[in-house]
Amino acid sequence: MSKVVNVFVISADTHSERRIDPHINVEQLKGKLELITGVPVSNQAISILASEADPRVLAELNDDSKPLGFYGLADWQVIKVIDTNPASSLTGQLTDVTQVDKFELSDAEYAQRQDTVLAYKQRNHIGRFAAETDTTPEPEQTVNIPIGSRCEVESTEAGLSKRGTVRFVGPTKFSKGSWVGIEYDEPFGKNDGSVQGERYFSCRPNYGVFVKPEKVRVGDYPVEEIDFEDEEM
């Protein structure tokens, strides 16, 4: 039995792996290649390439009477078929897009379509169609609360008066707007005058607090004295 070789056959429209008997001659090969590539026998120009990774031409099969073994055809070489008259056989037209009419839209026509990426972005407010973020800085709030004044802070607990002294008024790093820093008379607070590592005033731990200006009432609020006389001991 003749030993066959495994080769790749390529043309303008085809690429396949084939088993070829090296004892057949070039004329017989052309008959087989016409069935594989669609290139008519009379139009075929055949060459042998070293491999798919190495496109060096090892031989031109220009003698129809010679067997393939004469040209040293070996496993995994490439038989390349070129159509010398593609206009008559229509080969290569499957991959040639130069003659295909292009579908083009003007900018105005594209903008009117509802099945485009542009329309999707408009509907979902993406990219340049996103709502503009208002970057206008908030006007600085004028707070008429003198530092050092006595005050009372609004409390949600009935009968509880949170009195203290104003120690800071102004903007902070921990939140927008103006804040009032107060040193309470009693340990009702949450800090010592510092928040997140930033110090705004100094007081004992748990005596300091920051509140919004509208929760502060400034006035003559003396320090409340605790009378223990009537309490049980």
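**The largest pocket and its setting**

Tutor: The model is predicted, and its secondary structure consists of four helices and 12 strands. The protein has 233 residues, and 33% of them count as buried. Of the contacts between residues at least 6 apart in sequence, 50% join residues at least 24 apart.

Now to the pocket itself. A probe the size of a water molecule, rolled over the atoms, shows where empty space is left. The largest pocket holds about 240 Å³ of space. Its lining is made up of 16 residues. Those that lie nearest the centre of the pocket are Tyr 184, Lys 190, Val 209, Phe 210 and Val 211. Two elements give two or more residues to this lining: β8, which spans 178–184, and β11, which spans 208–211. The largest share comes from β11, with three residues. By kind, the lining residues divide into nine nonpolar, three polar and four charged.

Asn 43 sits in the loop between α1 (26–37) and β3 (44–49). Its relative accessible area is 9%, and because buried means under 20%, Asn 43 counts as buried. The side chain of Asn 43 makes a polar contact with the side chain of Asp 83, at 3.2 Å.

Terms used: Residues numbered from 1 in each chain as written. Predicted model: local features only at pLDDT ≥ 70, side-chain atom pairs only at ≥ 80, totals over all residues. Heavy atoms only, no water. Buried < 20%, exposed > 50% of the residue type's maximum accessible area, 1.4 Å probe, protein only. Contact = heavy atoms within 4.5 Å. Polar contact = N/O pair within 3.5 Å; in protein donor to acceptor, adjacent residues only side chain to side chain. 1 Å grid on protein atoms, 1.4 Å probe; cavity = no way out; pocket = protein on both sides within 12 Å on 5 of 7 lines; lining within 4 Å. Points joined across faces, edges and corners; volume = space filled by probe spheres on them. Nonpolar A, V, L, I, M, F, W, Y, C, P; charged D, E, K, R; others polar.
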